[in-house]
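Here is a short report on one protein chain.

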Amino acid sequence: SFALAASANPPAALPDYRFEQLGGPYDALQQPAIGLTLSSAYPLALTGALTLTFNSEVFAGDPAIQFAVGGRTVSFNIPAGQTKAVFPNGSTQIKLQTGTVAGVISVTPSFVTVDGGLVLTPATPPALNMAVAQAAPRLISLVVGSRSASSFTLLVSGYATGRSVTQMDLTFTPTSGENV
């Protein structure tokens with residue numbers, strides 16, 4: 001047997017990156033697409049992940065905030081010599097759902113070399129912050145659930161980004177020929 005020792009230079013520093021996004025400001029129940037691009041090609045193949053976190057303005061979580069492929073983490077690859085992240089759907093963009101609660105959705109990347117598994121993520125990686133503002137409650141549907149000769153039940157579906165509805169005013173306009 002014999003001893004073997006080796007040394008090498010660390011890999012090149014990760015170039016700056018930017019998020020590519022469409023739209024904004026963001027509203028509830030949207031599915032914006034985002035991408036991740038390095039400012040210059042990197043000589044080694046990279047793998048990584050985007051992670052979603054949510055800071056609610058109204059002290060309520062929202063499990064609907066996730067990537068369109070499911071979950072709050074999605075992996076990506078950046079081939080050697082390339083700049084754009086490629087997601088599991090084969091695209092350079094990935095959609096996420098903004099949910100129905102007001103707050104800030106943050107997307108943070110991590111980077112690792114494919115060969116050797118060297119972590120290249122900056123100590124404090126810049127994140128993409130997407131604010132979903134509070135808005136008036138929105139109705140999605142209104143359906144007559146049951147009815148009798150003297151009453152009926154309305155089934156109202158909707159959401160409030162502030163998670164608070166204190167009052168709902170309804171106005172009924174009778175149709176001619178109906179007794180209300």
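## A loop residue to start

Leu29 sits in the loop that links strand 1 and strand 2. The model is predicted. Leu29 is not a glycine, yet its phi is positive, at about 60°. Is Leu29 buried or exposed? Leu29 is exposed, because its relative accessible area of 53% lies over the 50% cut-off.

Arg163 is another residue other than glycine with a positive phi, near 55°. Arg163 belongs to the segment after strand 10. Its relative accessible area is 40%, so Arg163 counts as partly exposed, between the limits of 20% and 50%.

## Strands and pairing

What does the chain hold in helices and strands? The protein chain has 0 helices and 10 strands. Read from the N terminus, the elements run β-β-β-β-β-β-β-β-β-β.

An open sheet is formed by 4 strands, in the order 1-2-6-4, with antiparallel pairing. Which strands stand at the edges of this sheet? They are strand 1 (17-21) and strand 4 (66-67). Each has a single partner strand, so one side of each is left without a neighbour in the sheet.

Within this sheet, strand 1 and strand 2 run antiparallel and are joined by bridges. Strand 3 also has antiparallel partners, among them strand 5 and strand 7. The table lists these pairings.

| Strand pair | Residue ranges named | Bridges |
|---|---|---|
| Strand 1 and strand 2 | strand 2: residues 33-38 | 5 bridges |
| Strand 3 and strand 5 | strand 3: residues 46-56; strand 5: residues 73-78 | 6 bridges |
| Strand 3 and strand 7 | strand 7: residues 103-113 | 11 bridges |

Glu20 has Gly35 in strand 2 as its bridge partner. Leu50 faces Val74, which belongs to strand 5. Ala49 faces Ser110, which belongs to strand 7.

## A nonpolar patch

Which residues make the nonpolar surface patch? Leu139, Leu142, Val144, Phe152, Val156, Met168, Leu170 and Phe172 do, and the patch covers about 770 Å². Two elements give two or more residues to it: strand 9 (138-147) and strand 10 (152-159). Strand 9 gives the most, with 3 residues.

Leu142 is one of the patch residues and is found in strand 9. Its relative accessible area is 48%, so Leu142 is partly exposed. That value also clears the patch requirement of over 30%.

## Whole-chain dimensions

What radius of gyration does the protein chain have? The value is 25 Å, whereas a compact globule of 180 residues would have one near 16 Å. The C-alpha trace spans about 100 × 35 × 30 Å along its principal axes.

Of the 180 residues, 28% count as buried. The chain exposes about 11200 Å², and carbon and sulfur atoms supply 54% of that area.

Contacts can be sorted by sequence separation. Taking those with a separation of 6 or more, 64% come from residues 24 or more positions apart.

Notes. Residues numbered from 1 in each chain as written. Predicted model: local features only at pLDDT ≥ 70, side-chain atom pairs only at ≥ 80, totals over all residues. Heavy atoms only, no water. Patch = residues over 30% accessible without salt bridge, like charges linked within 9 Å, V, L, I, M, F, W, Y side chains within 5 Å. Areas by Shrake-Rupley, 256 points an atom, 1.4 Å probe, with all protein chains shown as cover. Salt bridge = Lys/Arg side-chain N within 4 Å of Asp/Glu carboxyl O. Buried < 20%, exposed > 50% of the residue type's maximum accessible area, 1.4 Å probe, protein only. Pairing = 2+ DSSP bridges. Rg over C-alpha atoms; globule rule 2.2 N^0.38 Å. Contact = heavy atoms within 4.5 Å.
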